[in-house]
Amino acid sequence: MNKPLKYLLIAACLLAIVIFWSSLTAPGVNDLPGNFREIDAWQNENNTGPVNRVYIVTLNDTLWQAMEDYGNYMPYAKLGTTKVWFFLEDGPFPTKITSGEVIFTAAYQEACVAYYSKNNMGQVTLDRQPFD
């Protein structure tokens with residue numbers, strides 16, 4: 001085997017190792033402060049139109065930037081929306097998402113600390129205390 005081919009093969013193997021390692025060590029939801037816990041998730045069954053996803057999540061403190069980061073880590077489709085409702089873990093929170101316009105009953109509205117939304121244009125909003 002000639003030298004240039006040998007060096008090229010070694011470089012390709014090193015590059016593959018670096019790419020593999022960086023994909024395994026990428027930050028994710030578990031690296032965020034706040035002890036996030038997904039309570040329930042819902043996705044519409046429309047496979048031909050927009051994909052809408054809704055999540056109910058609890059955390060232990062009102063860490064606004066961490067909430068936005070959490071929402072950004074959630075799956076997103078360009079033709080759909082992703083919505084995340086945040087509640088404090090020591091307060092009341094819904095355990096089940098209902099499909100439709102009303103995601104959870106009005107009894108939990110006061111306990112909701114934030115609402116994250118990413119629309120079909122990729123615009124992100126984080127509303128603090130959305131029901132106040």
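In the predicted model, Val54 stands opposite Lys83 of strand β3. The strand β2 comprises residues 52-59, and β3 comprises residues 81-88. These two strands, β2 and β3, are paired in the parallel sense, and eight bridges join them. Of the eight residues of β3, six are buried, and this strand is therefore largely enclosed by the rest of the structure.

Both Val54 and Lys83 also belong to the lining of the largest pocket. The space within this pocket amounts to about 190 Å³. Two or more lining residues are given by each of the elements β2 and β3. The largest share belongs to β3, which supplies three residues. Classified by type, the lining consists of four nonpolar, three polar and two charged residues.

The helix α1 was examined separately. At the N-terminal end, α1 is capped by Asn2, of which a side-chain oxygen lies 3.3 Å from the backbone nitrogen of Leu5. The helix is hardly covered, as the number of buried residues among its 22 is zero. For β3, by contrast, six of eight residues are buried.

How values were computed. Residues are numbered from 1 along each chain as its sequence is written. This is a predicted model: local features need pLDDT of at least 70, side-chain atom pairs count only at pLDDT 80 or more; totals for chains, interfaces and linings use all residues. Side-chain values use heavy atoms; hydrogens and water are left out. On a 1 Å grid over the protein atoms alone, a cavity is a set of points where a 1.4 Å probe fits but cannot get out, and a pocket is an open set with protein on both sides within 12 Å along at least five of seven lines; lining residues have an atom within 4 Å of a point. Grid points are joined across faces, edges and corners, and a volume is the space filled by probe spheres set on the points. Helices (H or I, at least four residues) and strands (E, at least two) are DSSP runs, numbered from the N terminus. Ala, Val, Leu, Ile, Met, Phe, Trp, Tyr, Cys and Pro count as nonpolar, Asp, Glu, Lys and Arg as charged, and the others, Gly among them, as polar. Buried means under 20% relative accessible area, exposed over 50%, partly exposed in between (1.4 Å probe, protein chains only). A polar contact is a pair of N or O atoms within 3.5 Å; within protein, one must be able to donate a hydrogen and the other to accept it, and residues adjacent in sequence count only if both atoms are side-chain atoms. Two strands pair if DSSP finds at least two bridges between them.
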